[in-house]
Structures are given as structure tokens and as C-alpha cells.
Amino acid sequence: MRVKEEIIGKEVVDISGIVIGKVTDVEVEFETQILEAFIVGKGGILQSLGISKKETVVPYDLIKLIGDKILLNSKIHEQTD
């Protein structure tokens, strides 16, 4: 999937400019092929080894802009608490 290849590895930044992490995977609705969410890793040595459990699911409707970085339209901690 071309979109996945272009999205994975991009930094995700919330509306206040705080880097949340980098996209490690995407969730796509199988039947409709609609992008539903990004899986964002929190970083660190364990993530680079592929064994980190620190992930945040960012629903697609929180995305404001996708460019060199992915900008959210709110602070992520407001959505996950």
C-alpha cells in the first residue's frame, strides 16, 4: 500500500508543537480501504529494536495536516486520558 509507505516514519506533532512520536503503522478498514488511525511509537531504544509497547492510536479525524510532519488539531493527551 503506497500510503502506508509514505506515512510510516513521519513525526506526529500536536497543536502546541509537542512531538508525540513517529508513525509505526496505520489502521485501515479492510472492506472499505479507508484509513482509520495512525499507530504512533513513543521512541526510545526499544522502539528501534521493534519491541516497544509504548504506542498511541491517533484516530484519523484528529489529523489536521500531513506534510513533512503530521500535525494534529488538538493535544493528544486530551484525547487519551
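Setting aside neighbours within four places in sequence, K54 is in contact with V40, G41 and K42, contact meaning heavy atoms within 4.5 Å. The model is a predicted one, where local features need pLDDT of at least 70 and side-chain atom pairs count only at pLDDT 80 or more, while totals for chains, interfaces and linings use all residues. Residues are numbered from 1 along each chain as its sequence is written, and side-chain values use heavy atoms, with hydrogens and water left out.

K54 sits in the loop between α2 (45-48) and β4 (55-59); helices (H or I, at least four residues) and strands (E, at least two) are DSSP runs, numbered from the N terminus. Its relative accessible area is 57%, so K54 is exposed (over 50%; buried is under 20%, and partly exposed lies in between, with a 1.4 Å probe and protein chains only). From K54 to V40 is 14 residues in sequence and 8.5 Å in space, C-alpha to C-alpha.

V40 itself stands opposite T56 in β4. Five bridges join β3 to β4, and the two run antiparallel; strands count as paired if DSSP finds at least two bridges between them. They belong to an open sheet of six strands with mixed pairing, ordered β4-β3-β2-β1-β6-β5. At the edges stand β4 and β5 (63-66), each with a single partner strand, so one side of each has no neighbour in the sheet.

Then there's the largest nonpolar core, with 13 residues, of which V12, V23, F38 and I70 touch the most other members. Such a core is a set of buried Ala, Val, Leu, Ile, Met, Phe, Trp, Tyr and Cys residues joined through side-chain atoms within 4.5 Å.
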